[in-house]
Amino acid sequence: MAKWGEGDPRWIVEERADATNVNNWHWTERDATNWSSDKLKSLLLGLSVEDREGRCEVTEVSKLEGEASINNRKGKLIFFYEWNLKATWTGESKTGVKYKGSIEVPNLSDENDMEDLDISIALNKDEPDTPLVNLMKTKGAEKVREALGSYVGFLKTEFTQGMILPTANGVAKPQSASQSKAKLDKTQVSSGSSTVAPVNTGVKIPTCKFTIKDTFLTSPAELYRVFLSQEMVQAFTRSPATVDGERGGKFRLLEGNVFGEFTELVPDEKIVMKWRFNNWPCEHYATITLMFLDRSSETELKVECRGVPNSEEEQTKGGWKRYYFEAIKQTFGYGARLF
């Protein structure tokens, strides 16, 4: 399934470098290994998940083998990282029985998309069987994936500050054609396998609000279910997705490019969610409200979007119309005219 956007697999970006490196001409390298080791541990330790069976938490990072570095050549930052990590998780059932298991990620690398990571969850050999293993393999693995994605985002933003300065004449070096092509094309969905790390701007983001509507030849109850059923989301996006259709439940779709959390659910009437696209500024979410209005033989879907970055307004509108509205109609036969 194609993605909402396309990214550069080497995380090549225009940034700002050392003032002694005039015009950013010389190849410079910064070792990010020690910083990365500390950052990975801080992001993983304490991660927890819970359900009706009990609670699990990452209590130890027992192995971190690998390296990370950033190279600056002619105003381009090129990110290299490769890690093999192991961690320990402990769980406690609602009846007070404690368990211990392991987490292994052998392929955290700049060459692999975050959705392609191998995250192996296991229970220690001497432990009795428990449903908590399934909790860790689903929600736990997703939490670990999100933490590792945050590491890549921090590596790109937090660690790189000051690596590139403006050129000698005060004007940034123009992008080459290959760099421009590698930039995220937010207006189209690409079949590429890479996702772009979020950019942390550190400033208040100008945002907008807008409403879009469409009608579907189905009942409010059926259309409501489309957004909360993992199987139905995977059907209309034609790709793997994770959807926990409960209040506070997380979702991730379109190969990890769109994700968020359901904050309010009124059965068959309203869904409110925190929603973001992967390349938006770090930790910035829009609030999306879906209203399902019964129009006799059809349902009007009213989508109110608040907090969308100004620069993303048209791309977000187009994305919702194409990858939600049109895809749902084509998949389930709910075709109707577009307002």
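Reader: Over the ring of which residue does the charged end of Lys274 sit?

Author: This is a predicted model. In it, the charged end of Lys274 lies 4.8 Å from the centre of a ring. A charge counts as sitting over a ring when NZ of Lys is within 6 Å of the ring centre and within 35 degrees of the ring normal. The ring under Lys274 is that of Tyr285.

Reader: How far is the charged end of Arg252 from the centre of the ring of Phe259?

Author: Arg252 has its charged end over the ring of Phe259. The distance to the centre of that ring is 4.4 Å.

Reader: How many aromatic pairs does a search of the whole structure find?

Author: Rings of Phe, Tyr and Trp pair if their centres lie within 6.5 Å. Searching the whole structure for aromatic pairs gives 14.

Reader: Is the pair of Trp35 and Tyr151 stacked, edge-to-face or tilted, and why?

Author: The ring centres of Trp35 and Tyr151 are 6.3 Å apart, and the planes stand at 35 degrees. Planes under 30 degrees apart count as stacked and over 60 as edge-to-face.

Reader: How many residues apart in sequence are the parts that the pair of Trp35 and Tyr151 ties together?

Author: Trp35 belongs to helix H1, residues 33–44. Tyr151 belongs to helix H2, residues 132–157, and is buried, with a relative accessible area of 0%. The pair therefore ties together parts whose separation in sequence is 116 residues.

Reader: What kind of pair do the rings of Trp320 and Tyr324 form?

Author: Trp320 and Tyr324 are 4 residues apart in helix H6, residues 313–332, a separation of about one helical turn. Both residues are buried. Their ring centres are 3.8 Å apart and their planes are at 10 degrees, so the pair is stacked.

Reader: Which strand holds Ile288, and which residues does Ile288 touch?

Author: Ile288 is in strand S13, residues 286–295. Its relative accessible area is 0%, so Ile288 is buried. Leaving out residues up to four places away in sequence, Ile288 touches Ile271, Val272, Met273, Trp275, Val303, Glu304, Cys305 and Trp320.

Methods:
Residues numbered from 1 in each chain as written. Predicted model: local features only at pLDDT ≥ 70, side-chain atom pairs only at ≥ 80, totals over all residues. Heavy atoms only, no water. Phe/Tyr/Trp six-rings, centres within 6.5 Å; stacked < 30°, edge-to-face > 60°. Helix = DSSP H or I, 4+ residues; strand = E, 2+ residues; numbered from the N terminus. Buried < 20%, exposed > 50% of the residue type's maximum accessible area, 1.4 Å probe, protein only. Contact = heavy atoms within 4.5 Å.
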